[in-house]
Amino acid sequence: MMTKVIEVKDVWKAYDTLEVLKGISFDVFEGEVKVVFGPSGSGKSTLLRVINMLTPPDKGEVLLRGQSLMDPQADLTKLRAHIGFVFQNFNLFAHLKAIDNVSIGPHLVLGKTKEEAHDIAFKALEKVRMNDWGHHYPAQLSGGQQQRIGIARSLAMNPDVILFDEPTSALDPELIGEVLQVMLDIAKEGTTMIVVTHELGFARAVADEMIFMDHGVIVETGTPQHFFQNPKSERAIDFLHKLEVLYGQAETDIES
Amino acid sequence: MRPTSPNQLIGMLQINRIVEYLPDLWNGLSMTMGLYLFALFLGLGLGIVLAIGRHYGGPIVSRISTAYIEFMRGTPLLAQILAITTLPLALNLDTSWRIILQDIFGTPRITVDITILLCAITLGLNSGAYQAEYFRGSMASISGGQTLAAKSIGMTKRQEIRHIALPQSLRRAIPAWSNEAVYLPKYTTVAYFVGVPDLFSAAKLAAGRTFQSLTVYSLVAVIFLVLITAISWILSRIYNRVKIPGI
Ligand SMILES: Nc1ncnc2c1ncn2[C@@H]1O[C@H](COP(=O)(O)OP(=O)(O)O)[C@@H](O)[C@H]1O
Ligand SMILES: [Mg+2]
């Protein structure tokens, strides 16, 4: 019996009159990698922010291991610590060294001692292959390195699920590979992930399910094979075609 | 060698007379420095609290902070000092409290009394309002992304302010805040108007008695200039030491 880590139930969100999410529902199981893709402005980032309540929805519900994040009794800050978030623009803490960016969560939020938190952070840095860079400040690192620190910051919290919001789209092309590689590694270790990305090679390699969103609704879902061989909806076909023109074929090789 | 003319002789004698007032000037300088440091640090603490209140506080706290800041910056400092230092008299309170200590020349002097204390506090309350605005500016310049990141790893708002926002905004505020630190010694001269024996009032006394206004005030100007230059230098050293590498 597979356990549901996240349940998104009929989520709606509007900014003023602009309906951004119009009834989104899906479940994420333990160890699953979900890839969400769709045109810019379709509501992908909003969806991720709703899942960890950085943006509370107007209607609907999000459950983390069966517990509602909308429950007024729920301690949102506590629950949020179980949901990692990797940002498009990294959002590292500028005044902290790489290692401190990673250890601050375990120390302040999980209540580990400084030493324990440092050990946890070091292990997380090893996972993203940044253990030699722990004493650098964010502004002294490349975008790819910063994003790997961002991933380590999430990993160190030992979360139930990590949300990725276009983690490679702010990177120079030559830096994308190192970040995708780290994401592949942690996906293969069984990390539960929801990844908004247009990197079809990544999706092909590890996605259990792909979700195609447009205009605030889920238009089509399916396995990577489904989408690469015979997508059904006109909009998905169109969009995938545009992506291939932009980014090249899904076959784009990543070492696996 | 040209013989010294009588006028020059009198001039020299008068300059020598300034020497008599050097202890007064020294004590005045000490008073000015005392007022300055007290007001600067009171204002620093208050400024940080006000800036946090204005930037992060709820609607009520933020409005109270804003009202305070606008009131203190919008009314003349001299009026504030006059109003507050006459308060004990107006309320018929006992104003005889004072601390008398020997100065470095061995003469007993009033080091602190009610007027001096109220004057220092008012300077601090006023400076706090200006300092708050420098801190608020730097708080607003911290990227919202870092706030989201702090939330996303489960930090409380308090932890986010304490561990993410403040360490960055306080560092960033230093260059702008230096303005306040540098100009504040000048503003302490309003203490003269309520009879506090600061550097300026010592200068006025010495100038009046020796008829050497130009010399005395030039001396005061030089002292202020040295003071301000030293403060700027110290602050830029501090800033370079604490600023975030790579930025
Ligand atoms: N905080 C906000 N206030 C107002 N409108 C917003 C806000 N965030 C997103 N939007 C709007 O919602 C729509 C969806 O945005 P987003 O979720 O970022 O889409 P995506 O990530 O798919 O590009 C866009 O039209 C965007 O302009
Ligand atoms: Mg987006």
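## Close-up views of a predicted two-chain model

**Figure 1. Arg148(A) counts as buried because its relative accessibility is 10%.** The coordinates shown in this and the following views belong to a predicted model. Side chains of opposite charge can pair when their charged atoms come close. Arg148(A) forms a salt bridge with Glu178(A), and the closest N and O atoms of this pair are 3.0 Å apart. The pair links distant parts of the chain: Arg148(A) belongs to helix H5 of chain A, whereas Glu178(A) belongs to helix H6 (residues 173-188) of chain A, 30 residues apart. Glu178(A), at 26% relative accessibility, counts as partly exposed.

**Figure 2. Arg235(A) forms a salt bridge with Asp214(A).** The closest N and O atoms of the two side chains are 3.2 Å apart. With a relative accessibility of 39%, Arg235(A) counts as partly exposed. Asp214(A), by contrast, counts as buried, its relative accessibility being 8%.

**Figure 3. Lys34(A) and Glu32(A) form a salt bridge, and both residues are buried.** Their closest N and O atoms are separated by 2.7 Å. Over all chains, the structure holds 17 salt bridges. In chain B, a network of salt bridges links Arg54(B), Glu70(B), Glu133(B) and Arg136(B).

**Figure 4. Arg153(A) is buried yet has no salt bridge.** This residue is found in helix H5 (residues 143-155) of chain A. The nearest side chain of opposite charge is that of Glu160(B), 11 Å away; a salt bridge would require a side-chain nitrogen within 4 Å of a carboxyl oxygen. Backbone oxygens are reached instead: the side chain of Arg153(A) lies 3.1 Å from the backbone oxygen of Phe90(A) and 3.0 Å from that of Asn91(A). When neighbours within four places in sequence are left aside, the contacts of Arg153(A) in chain A are with Phe87(A), Phe90(A), Asn91(A), Leu92(A), Phe93(A), Asn101(A) and Val102(A). From chain B, Ala149(B) and Ile153(B) are also in contact with Arg153(A).

**Figure 5. Asn91(A) and His215(A) are non-glycine residues with positive phi.** Most residues other than glycine have a negative phi. For Asn91(A), the phi angle is about 50°. Asn91(A) is found in the loop between strand S6 (83-86) and helix H3 (98-108) of chain A. Its relative accessible area is 13%, and Asn91(A) is therefore classed as buried. The backbone oxygen of Asn91(A) is also one that the side chain of Arg153(A) reaches, at 3.0 Å. His215(A) likewise has a positive phi of about 50° and is found in the loop between S9 and strand S10 (217-222) of chain A. At 55% relative accessibility, His215(A) counts as exposed.

**Figure 6. Ile151(A) is buried, with a relative accessible area of 0%.** Ile151(A) is found in helix H5 of chain A. Beyond its neighbours within four places in sequence, Ile151(A) is in contact with Val86(A), Val128(A), Phe164(A), Val179(A), Val182(A), Met183(A) and Ile186(A).

**Figure 7. Ligand 1 is surrounded by residues of chain A, among them Tyr15(A), Leu18(A), Val20(A) and Arg49(A).** The run Pro39(A), Ser40(A), Gly41(A), Ser42(A), Gly43(A), Lys44(A), Ser45(A) and Thr46(A) also belongs to this shell. Strand S2 (18-29) and helix H1 (44-51) of chain A each supply at least two shell residues, and H1(A) provides the largest share, four residues. Several polar atoms face oxygen atoms of the ligand. A polar backbone atom of Gly43(A) is 3.0 Å from an oxygen atom of ligand 1. A polar side-chain atom of Lys44(A) lies 2.8 Å from an oxygen atom of the ligand, and an N or O atom in the side chain of Ser45(A) is 2.7 Å from one. Taken alone, ligand 1 exposes 560 Å², of which the protein buries 60%.

Notes. Residues numbered from 1 in each chain as written. Chains lettered and ligands numbered in written order. Predicted model: local features only at pLDDT ≥ 70, side-chain atom pairs only at ≥ 80, totals over all residues. Heavy atoms only, no water. Buried < 20%, exposed > 50% of the residue type's maximum accessible area, 1.4 Å probe, protein only. Lys, Arg positive; Asp, Glu negative; His and termini not counted. Polar contact = N/O pair within 3.5 Å; in protein donor to acceptor, adjacent residues only side chain to side chain. Contact = heavy atoms within 4.5 Å. Near = heavy atom within 4 Å. Areas by Shrake-Rupley, 256 points an atom, 1.4 Å probe, with all protein chains shown as cover.
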